[in-house]
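The report below looks at helix packing, the chain contact and some backbone details of a predicted complex. Please read it alongside the sequence and the coordinates.

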Amino acid sequence: MKKKYPAIPLLLILTGLLAGATPVHDLYLFGAVNIAGRVAGSRDVAKNGVYGRQADGSFAHRGINYPAMLTGSFDPRDSQVFHVAALCGVMTTTDGGHTWRIGTRWDMTEPKSVMVDPNAPDTVYAALPDGLGVSTDRGHSWSRHENGLPERGKYTQVVTVDRTQAGRVFAGSETGIYLTEDAAHNWRRVFPAVDTVTDIRQSPHDPKHWLAVSQSAGALVSRDGGLTWTPLTGIPDQQALYNVAFDPTRAGRIAIASWSLGLLTSEDDGATWVFRNDGLPEKHHVWRAAVDPDNGRLYAAIDGGALYGSDDFGRTWRSLGMEDSRIQSLVFVPCAQR
Amino acid sequence: MKKLIIPFLLLAVLVSAQPSFTGPMLAPPADTRPDTLRRAYHTRVDETLDWYLNAVDAAKPLTREQALVKLVRGQDATAVSQRIIELLSVPQSGDMFWMFPWTAMAFTGRDQLSPEARAAIREAWRTYFPMRGDTENHWVMYYASLFLMTELYPDDPGETWFNGKSSAENHAEAKGFLLHWMDLATTIGQGEFNATHYIGEYAIPMLYLAAWAEDPAMRQRGRMMLDLLMAELADNSLHGVLRGPNARTDDTSVLERWNALATYFSWAMYGHTPPPSGYGGWGIYFAVAAHHYQPPPLFHLIATDREFDREQHDHKRSRRRWRYSDVEMMPVYKTGYIRRDYAVGSYQGGVTDPIQAHVWDVTWREDDPRGVHNTMFSVHPHASARVLQMYFTEYPDWMIDLLASQGKPSYGVADKILGCSPYEQVFQDLDTVIALYAIAPGENFQRVNGFFSRNLRDVTEDASGWIFARGGNAYLAYRPLAPYTWDDLLGYRQLPRGDSGYVWERFRPEGPVDRILVSPHANNGTIVQAASADEFESFEAFQAAIRALPLEFTLEPRPTVKFTTLRGKKVAFTYGETPVVNGRPVDYARWKLFEGPHLNAELGSRKITISHGRQHRVLDFNTVTTSDYVTP
């Protein structure tokens, strides 16, 4: 029987806060550096793939050079074990990124997102451009679980697991948001869309509170655990929104990244929104936004630029390095998992 | 987005005499006896190898290609071994374009290289993690290489391979994909069909399978697929020049039809056209194993015999669609018509490849095609983030900018002449093409671009509305269906790379320039009728004949054409409807995998018959057999 650990993330965050300034989370970046103009076969001039935050705040490459790693999800039992959505499929490491195994085969490629079920961590879900893949053996082997997904129209950009219930998973696809409550054996659509849903996130403060962003339908909110979704007002819907991030340290603070629009924030739980691009480069193509669970620092990864940080939730910014990068995702991992 | 390789990038080709490229135009070998053809083929292969060897500079280290050629020739194994160790002692790049060269090195050198050099190659397959890519040709290169290397090292555990899978796992996976790809190609058609450059990215891996696969079935399949590729090249080329349509081409090859890697294969196989500069860049990687293969004499006849007119219908497929489409792969109904002096080719239009497709053209024969823009066609310059997203798993708003930075400068410009459009529908009957356009409101470019080569002669805008021209020994008639103006077509010049990748500027080429017929109307159309100059007393007689052809058309509410072709066919074609010829709708549902005088196969059959006259070769992928027979 699968266990439920709804309060684990919050406890870890509180533990971190009580610990003072010492980070209680590792920060991993997935992306590439200096790849402008890169095509298949190009000569790489920098290391790409996984970067980890060092004690001095800088980022160091680890493991192999792989220019197309999008995001990773860590095994809550051991952060040396993590799974990465990469161009070649889902890659799994058991030694912190030094060696890898591609668990998927030729018939699954270009996963866009991957996530471990925190309550059933042998199970990993992958958003595929043609559906959804599931591994029940820590990423060693994969199969499709798509009952309830349409035959066509199942390009899936993001998969997100409900931390309160094993096997409860959302998939953001080109035709909407799909939900399974039985570990992907059956899916049902809970929100229809005509364009790709790009991100789905669960609030660290209220597990019933979910946000989603999309390519042309703006941002969506659910207050009932993702069963129903309504548009969030005040957010442009003419440009693609790439991801959404809650501030784990303060309820009500949310950030949204957009390549075209830059960075938007709300500090009243989505009621009003403000552009926070002052202090970012003129071409503020924000590929990813994230909020540090240890201190509420807001991160903005500028496409082709650097990683920026703000300690006042976007009012002022400073570069944190990683120049000429495309950071596909920022993943915080509790140090306790080491 | 990591789409393409520009094939010439890989090789820092040294300038030295390249006999066939710089020499006089080649004539088709008059002596077609099999032993003569075989000898000539091997001579051309050797020319390629020699060119690399002759460029060896004793004061400089060997390039990877030079080292490989030395192994092919059995020279200096000790020095080559040491050089291989040096080459592999630094971080590697190149992904699948790294894999097949080192596969060739491993197999060519397995009995010559030092144990240390062989160990260095083997170790590189553990430490360097090549990407698999996102395109069919990437995967064919990746998996063919992996298939072969895991046969060379059959019992190794997962930790000895970059991807963590054992030899057995990798071998099984590679075999699975290769069989799947071959099955698609022989049931519903190849995806990247008639590609001007990417033919190499298929032909080289297939040659390697044919040469080195231990699995006899895969070895045989590799040879059969290579046969199919080379037979199609022969059938689709006009005196060695691959013409349109092309699933993929580029801004250079779409105009200067000869200037393509495909020409290297025409030269190497059939010897009736000069090879491109540097043997097309990748040509060397075919040459190093080319002695393991030779096209049968009947392919040579298909390639060189242009004394009778022929029409060929093929079934192909689009690139895989990830989203925003009801079908995974759009069927492609391809028509080719070849005569001695020109070729006309097309498919039905629509989006088959998001960037580099070329839907239709008339290509005429030039006695020496080098440097000549011997083609005529029109396009809607379509650029769409949504269409890009259909084929690429990327976000929408940065992709168009990205393409220019990745080496495809024309994608988002108004005067582009490369690419397909969802608003273009094409019908071809023999040497008549009707292309209709209904460009949706809101699309960036509400215009049609007609390409008029600098090499056309006697371009005449006739009061009838037809534009007449001469190309080689062909007469051409181009009828724009809406008003137009003329622009010069500027070139693209690459500037030093900036922080954002490739940077381009437009420039005016020296000498005569190509022109673009710009027709800035959303509902639009083009009719092109070609003929041989030998059919008419004079150019004026051709013009009179065209003027006399019955033509009715309207553009509103949808483009509609009723035209009686020069060949007497009554064609009715309305945008959005099935074309009608002599009162009968074209039945695309009955389109075969191949149907014509030279290639024939039923859809779904996995069995292709390649013919010329009484000679036949049957490629039966069901039984993995090749059989030759001669009709009594």
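## The surroundings of helix α3 of chain B

The buried residues of α3(B) pack against α2 (34-54), α4, α5 (96-108) and α12 (283-287) of chain B, where two residues are in contact if their C-beta atoms, placed from the backbone, lie within 7 Å, and where helices (H or I, at least four residues) and strands (E, at least two) are DSSP runs numbered from the N terminus. Because 9 of the 9 residues of α3(B) are buried, this helix is largely enclosed by the rest of the structure. Those buried residues are Arg64(B), Glu65(B), Gln66(B), Ala67(B), Leu68(B), Val69(B), Lys70(B), Leu71(B) and Val72(B). A residue is called buried if 20 or more other C-beta atoms lie within 10 Å of its own, exposed if 12 or fewer do, and partly exposed in between, again with C-beta atoms placed from the backbone. Just after α3(B), Gly74(B) adopts a positive phi of about 70°.

## Basis of the model

This is a predicted model, in which local features need pLDDT of at least 70 and side-chain atom pairs count only at pLDDT 80 or more, while totals for chains, interfaces and linings use all residues. Residues are numbered from 1 along each chain as its sequence is written, and chains are lettered from A and ligands numbered from 1 in the order in which they are written.

The predictor assigns the complex an ipTM of 0.93 and a pTM of 0.94. Chain B averages a pLDDT of 94, with 97% of its residues scoring at least 70; pLDDT is the predictor's confidence in each residue, from 0 to 100. Over residues 1-15 of chain B, however, pLDDT stays under 50, and for this stretch the model has 40 contacts beyond four places in sequence. Where pLDDT is low, the predicted coordinates should not be read in detail.

## Helix pairs around α4 of chain B

Helix α3 (residues 64-72) and helix α4 (residues 77-87) of chain B pack at an angle of about 150°, with their axes 10 Å apart. That angle makes α3(B) roughly antiparallel to α4(B), and their crossing is left-handed. The contact involves Arg64(B), Ala67(B), Lys70(B) and Leu71(B) of α3(B), together with Val80(B), Arg83(B), Ile84(B) and Leu87(B) of α4(B); by class it has 5 nonpolar, no polar and 3 charged residues. Here Ala, Val, Leu, Ile, Met, Phe, Trp, Tyr, Cys and Pro count as nonpolar, Asp, Glu, Lys and Arg as charged, and the others, Gly among them, as polar.

Axes are lines fitted to C-alpha atoms, for helices over the stretch in contact, and angles run from 0 to 180 degrees between N-to-C directions. Angles under 35 degrees count as roughly parallel, over 145 as roughly antiparallel, 65 to 115 as roughly perpendicular and the rest as oblique. With helix α6 (residues 115-127) of chain B, α4(B) packs at an angle of about 30°, the axes being 8 Å apart, and α4(B) and α6(B) are therefore roughly parallel to each other. The crossing of α4(B) and α6(B) is left-handed, a term used if the near helix is turned anticlockwise from the far one by less than a right angle, right-handed being clockwise. Ser81(B), Ile84(B) and Ile85(B) of α4(B) meet Glu116(B), Ala117(B), Ala120(B) and Ile121(B) of α6(B).

## The pair α10 and α13 of chain B

The axes of helix α10 (residues 216-236) and helix α13 (residues 297-304) of chain B come within 7 Å and cross at roughly 25°, so α10(B) and α13(B) are roughly parallel to each other. The contact is formed by Met230(B), Ala231(B), Ala234(B) and Asp235(B) of α10(B) and by Phe299(B), Ile302(B) and Ala303(B) of α13(B), which divide into 6 nonpolar, no polar and 1 charged.

## Contact between the chains

In the complex, 39 residues of chain A are in contact with 43 residues of chain B. The side of chain A that touches chain B has 17 nonpolar, 10 polar and 12 charged residues.

## Backbone details in loops

A cis peptide bond, with omega about 0°, joins Gly244(B) and Pro245(B), and Pro245(B) is found in the loop between β2 (241-242) and α11 (261-270) of chain B. Asp269(A) has a positive phi of about 65° although it is not a glycine, and with 18 C-beta neighbours inside 10 Å it counts as partly exposed.
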